[in-house]
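Okay, everyone, thanks for coming. Let me put the structure up, and then I'll walk you through it.

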Amino acid sequence: MAAIAKADTLVVTEGTPDYNDNTILTERRQARIRQELSVWALRIGALAVFVFSWSFVTGQGLVDATLVSTPGDVGTSFIKQLGDGTFWVDVAATFSGAMAGLVSGAILGILAGVVFTRIEVLHVAARPFLTLMNSLPRPALAPIFILWFGLGFGPKALVAFSVVFFVLMTSTMGALQGIDHDIKQLTKSLGMTRRQRFFKIELPSALPSIVGGLRLGAVYSVLGAVVSEMVGAYTGLGQRLVVVTNNFQVSETFAILLAMGLLSMILDLSISGLQKLVTKWTR
């Protein structure tokens with residue numbers, strides 16, 4: 001009887017799959033691949049439906065093609081833009097202004113968020129002025145900056161800075177203020193100084209949210225630079241957009257809008273990679 005029971009145990013053991021760490025990692029990798037394939041299938045499907053619907057309504061005359069153009073004409077115009085040397089000059093002008101505003105706005109916004117979080121009385125005193133400045137419409141600021149600094153690099157960088165600064169300041173303050181109160185009390189009971197608590201606890205905990213705000217600021221920096229260029233500039237995608245729109249070149253207008261969107265996507269993807277690294281580091 002003992003031999004039979006032992007044999008049954010061996011059969012059950014042999015029939016049970018070898019579920020080890022390698023198996024779990026393989027299953028997770030396969031699940032991640034299936035998820036990525038599903039995501040790309042949905043993206044491509046949505047894009048195909050959008051393009052087909054656009055072609056259908058213009059081809060059937062439901063919408064006047066002279067007002068919305070067609071996907072084929074927009075694609076042709078976009079390719080022509082890529083082959084135009086002045087187009088890349090405009091891209092460089094917009095990108096440089098957006099990056100200058102993004103970098104300076106991010107640095108000063110993060111520093112302001114840290115200072116206002118650590119010195120609460122200063123934040124309370126400055127809050128009305130910050131709200132007033134943040135509520136100012138950015139297109140209204142562009143003519144003032146152009147009046148002060150001319151139709152060059154300065155106005156677009158300043159408009160982008162005015163947007164990014166408040167985004168990063170708000171993200172930083174929210175992240176630092178959202179740290180668990182019990183953790184703060186624990187660090188105090190352990191005798192950690194304010195400097196140690198900030199660099200070892202508060203900053204690593206807040207970094208993912210700060211980088212998330214940086215992704216939003218990257219998109220807004222392009223928007224701010226383009227708005228300034230639309231008001232007045234020598235070069236830039238915003239100025240290019242105004243010219244083709246005034247000439248009723250609809251397909252070229254959509255092609256430039258597509259270029260602006262791709263530029264924002266590139267910045268967002270770059271910072272999303274940084275966000276993944278920061279998230280892994282802070283875990």
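Before I get to the record, one caveat: UniProt positions are given here in the numbering used for this chain, and annotations may be inferred rather than shown by experiment. Also, keep in mind that this is a predicted model.

So, what does UniProt list as "transmembrane region"? The entry, which is unreviewed, gives residues 37-57, 91-117, 129-151, 157-180 and 254-274.

Let's look at two of those in the model. Residues 254-274 are 100% helix and 0% strand, and the C-alpha atoms at the ends sit 30 Å apart. Over residues 129-151 we get 78% helix, again with 0% strand, and there the end C-alpha atoms are 28 Å apart.

Stepping back to the fold: the protein chain has twelve helices and zero strands. Of the contacts with a separation of 6 or more, 73% are between residues 24 or more positions apart.

How much of the chain is buried? Buried residues come to 34% of the 283. The accessible surface is about 17500 Å², and carbon and sulfur atoms account for 69% of that.

Now for one spot on that surface. Phe-52, Phe-56, Leu-62 and Val-63 make a nonpolar patch of about 420 Å². Phe-52 is in helix H2, which covers residues 21-59. Is Phe-52 buried or exposed? Exposed, because its relative accessibility is 59% and the cut-off is over 50%.

Okay, that's my tour; happy to go back to any of it.

Methods: Residues are numbered from 1 along each chain as its sequence is written. This is a predicted model: local features need pLDDT of at least 70, side-chain atom pairs count only at pLDDT 80 or more; totals for chains, interfaces and linings use all residues. Side-chain values use heavy atoms; hydrogens and water are left out. Helices (H or I, at least four residues) and strands (E, at least two) are DSSP runs, numbered from the N terminus. Buried means under 20% relative accessible area, exposed over 50%, partly exposed in between (1.4 Å probe, protein chains only). Contact means heavy atoms within 4.5 Å. Accessible areas come from the Shrake-Rupley method with a 1.4 Å probe; for residues, only the protein chains shown count as cover. Patches are made of residues with over 30% relative accessible area and no salt bridge: like charges are joined within 9 Å, nonpolar side chains (Val, Leu, Ile, Met, Phe, Trp, Tyr) within 5 Å. A salt bridge is a side-chain nitrogen of Lys or Arg within 4 Å of a carboxyl oxygen of Asp or Glu.
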